[in-house]
Amino acid sequence: MKSQITILAILGVLSAGLITCTKLNVDVKSQLTAANFPKTTQDFVSMAGPVYSALTAEGNNGNGVWMVNQLAGDECILTANGGNWYDGGKYRELHLHLFSNMNAQIDIVWQWGFNGINTCNRVLKLFETAANDSAKNTAIAEIRSVRAYFYFMMMDMFGGIPINTTFGDTAAKPRATRTDVFNFIESELKAAIPALHTNVDATTYGRPTKWMAYALLAKLYLNAEVYTGSARYSDAAAACDTIIQQATGNGAFALDANYINMFKINNGPQVKDFIFTIPYDANNTPAGIYVERYWLHPNLKTKYSLPYSPSGSLRTLPAFYALFDDPKDSRNKIWLTGKQYYYDGTPITIQTTKQGVDATYTGADASAPVTYQLEFTPDITFLDLTSFETGNDQLGRAKGYRCIKFYPDSTSSTRNQGNDFPVFRYADVLLMKAECILRGAAATLGQTPLSLVNQVRSRAGAAAFTTMSLDTLLNERGRELCFENWRRNDLIRFGKFEQPWGVKTDADPRKRIFPIPANELILNPLLTQNPGY
């Protein structure tokens with residue numbers, strides 16, 4: 001089913017008109033006729049292809065959204081080497097919290113979100129006149145759930161945003177308040193849940209189920225105090241319990257024994273930890289997941305049998321890497337540190353010169369040949385903060401530890417990868433419930449914050465905790481969910497987003513949300529900019 005959902009998404013690319021919801025002067029064009037109008041469940045799933053292609057479109061969780069959320073948090077930093085990867089300073093802005101409404105990366109994310117919303121509206125419009133039956137009701141519930149996810153992501157990143165549920169509505173829409181968007185998402189999910197599938201198997205993989213909707217509700221309620229000013233931790237815990245009971249009652253979800261394997265290119269419906277996942281196909285998804293392109297040093301191409309030469313300049317921050325402090329924790333295996341070797345133990349070496357290794361070397365033998373073994377070092381130092389330059393010599397390009405959590409794809413013919421990207425996981429549900437109890441929700445099902453977190457640590461082979469606090473929990477979320485798009489969200493909720501990390505010192509709480517892109521303010525004169533921009 002992994003490949004089937006991906007094929008539906010690819011077909012959806014061919015039929016989807018990628019139009020932002022702020023561009024509303026678009027005619028409704030139906031691709032359905034009396035001869036092909038959907039009647040069966042499979043018909044509806046096939047016709048919903050554009051919705052799933054919108055999830056994997058340019059700016060998706062595996063590239064644009066991923067980059068914005070990761071670089072604005074404390075997990076990693078993307079630097080320049082000889083000017084490569086400076087890209088007008090857009091990555092530097094994200095790390096330093098100097099976002100502007102001209103940031104190209106943020107603009108891509110806005111386009112992704114509202115293209116997705118508009119695509120959901122378009123497909124829902126096509127389904128309106130279909131005969132009412134369970135297949136139609138389930139298909140509509142699935143699309144409304146995907147649309148709710150798009151709205152959640154956009155509200156989380158931009159605050160109050162326009163709400164538009166009617167494709168072809170040409171009236172410009174002002175920004176709804178963040179509370180109004182919160183209430184809309186909640187109502188959409190509650191309306192969708194009765195019609196969503198309850199089975200968790202290959203036939204529903206990559207599509208919203210009842211449990212995906214509850215996981216999104218849990219995220220919504222967990223962050224309610226940030227979004228609306230009113231805490232909803234008991235509601236978040238209740239949504240988590242619905243999923244936990246499904247796991248303990250019939251084994252629908254579980255913590256897979258092998259953490260590392262969950263993120264490899266052959267992941268799929270067999271992973272019991274996955275509640276909702278976006279499937280990718282390395283060779284057919286037009287704008288796919290390619291996070292390892294950002295991480296990998298050029299001289300790792302041969303080791304991982306890659307079809308392209310990586311030029312990644314993404315490095316983890318030393319303080320974040322320090323969270324991985326238990327030597328028995330299997331999650332430590334995601335890191336590339338120190339001297340690098342091929343799988344057979346042969347050192348990975350580079351033929352260069354003394355000055356090629358270290359550009360500051362000024363000896364008379366600067367041009368003498370040297371065989372340098374690739375070695376990643378923990379500290380990230382800069383030659384020039386304005387250009388975000390760490391150096392274009394071998395030492396400069398090897399600063400900072402690298403991550404291979406989403407394991408490199410040697411089967412791809414492009415830079416894209418075939419690793420499916422998890423949006424909601426069972427481990428996250430357990431950690432969310434633990435947090436809710438720590439924040440005042442009642443303990444249920446005989447579970448405590450300590451027992452819930454230790455379930456997650458046990459799967460990783462890490463030592464059990466004996467006490468639990470919010471800070472301890474945040475650190476565990478960092479270890480378990482790193483680079484899955486939740487760190488920025490977590491830091492804001494825990495009141496840590498204004499703290500310094502790396503070379504970032506900005507403490508402006510207005511940076512918790514991103515600016516509305518300048519182009520969108522021109523296209524929709526009813527939009528107003530976020531404070532601080």
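**Figure 1. Salt bridges across the model, starting with Arg-488 and Asp-156.** This is a predicted model, and a search through the whole structure turns up 36 salt bridges. In one of them, the side chains of Arg-488 and Asp-156 come together with N and O 2.8 Å apart. The two partners come from distant parts of the chain, with Arg-488 in helix H19 (residues 487–493) and Asp-156 in helix H7 (residues 134–158), 332 residues apart. Arg-488 has a relative accessible area of 0%, so it is buried. Asp-156 comes out at 6% relative accessibility and therefore also counts as buried, the cut-off being under 20%. As a reminder, side chains of opposite charge can pair when their charged atoms come close.

**Figure 2. A second bridge from helix H19, between Arg-493 and Glu-435.** Here the closest N and O atoms of the salt bridge are 2.6 Å apart. Again distant parts of the chain are linked: Arg-493 belongs to helix H19 and Glu-435 to helix H16 (residues 426–438), 58 residues apart. How accessible is Glu-435? Its relative accessibility is 0%, so Glu-435 counts as buried. Arg-493 is buried too, at 8%.

**Figure 3. Arg-232 and Asp-235, a salt bridge between partly exposed residues.** The two side chains meet with an N to O distance of 2.5 Å. Arg-232 has 23% relative accessibility, so it counts as partly exposed. Asp-235 gets the partly exposed label as well, with a relative accessible area of 31%.

**Figure 4. Arg-331 and its polar partners.** Look for Arg-331 in the loop between helix H13 (318–321) and strand E4 (335–336). Buried or exposed, where does Arg-331 fall? At 0% relative accessibility, Arg-331 counts as buried. Its side chain makes a polar contact of 2.8 Å with the side chain of Asp-329, and another of 2.9 Å with the side chain of Glu-480. Setting aside neighbours within four places in sequence, the residues in contact with Arg-331 include Tyr-259, Phe-324, Val-456, Arg-457 and Glu-476.

**Figure 5. Glu-188 meets Arg-144.** Glu-188 sits in helix H8 (residues 178–192) and is buried, with 7% relative accessibility. A 2.7 Å polar contact joins its side chain to that of Arg-144. Beyond residues up to four places away in sequence, Glu-188 touches Arg-144, Arg-147 and Ala-148.

**Figure 6. An edge-to-face pair, Phe-44 with Phe-127.** Searching the whole structure gives 34 aromatic pairs. Why is this one called edge-to-face? The ring centres of Phe-44 and Phe-127 are 4.9 Å apart and the planes stand at 85 degrees, so the pair falls in that class, which needs an angle over 60. Phe-44 lies in helix H2 (residues 41–47) and Phe-127 in helix H6 (residues 104–127), so the pair ties together parts that are 83 residues apart in sequence. Both Phe-44 and Phe-127 are buried.

**Figure 7. Two lysines sitting over rings.** The charged end of Lys-219 sits over the Trp-486 ring, 3.9 Å from the ring centre. In the other view, Lys-303 puts its charged end over the ring of Tyr-343, at 5.1 Å from the centre.

**Figure 8. The largest nonpolar core, seen around Ile-185.** This core has 140 residues, and Phe-158, Ile-185 and Phe-424 are the ones with the most contacts inside it. Which helix gives the largest share? That would be H7, with 16 residues. Not counting residues up to four places away in sequence, Ile-185 touches Ala-148, Tyr-151, Phe-152, Met-155 and Leu-220. Another core, of 15 residues, lies apart from this one and includes Leu-296, Ala-398, Tyr-401 and Ile-404.

Notes
Residues numbered from 1 in each chain as written. Predicted model: local features only at pLDDT ≥ 70, side-chain atom pairs only at ≥ 80, totals over all residues. Heavy atoms only, no water. Phe/Tyr/Trp six-rings, centres within 6.5 Å; stacked < 30°, edge-to-face > 60°. Helix = DSSP H or I, 4+ residues; strand = E, 2+ residues; numbered from the N terminus. Buried < 20%, exposed > 50% of the residue type's maximum accessible area, 1.4 Å probe, protein only. Lys NZ or Arg CZ within 6 Å of the ring centre and 35° of its normal. Salt bridge = Lys/Arg side-chain N within 4 Å of Asp/Glu carboxyl O. Core = buried A, V, L, I, M, F, W, Y, C linked by side-chain atoms within 4.5 Å. Contact = heavy atoms within 4.5 Å. Polar contact = N/O pair within 3.5 Å; in protein donor to acceptor, adjacent residues only side chain to side chain.
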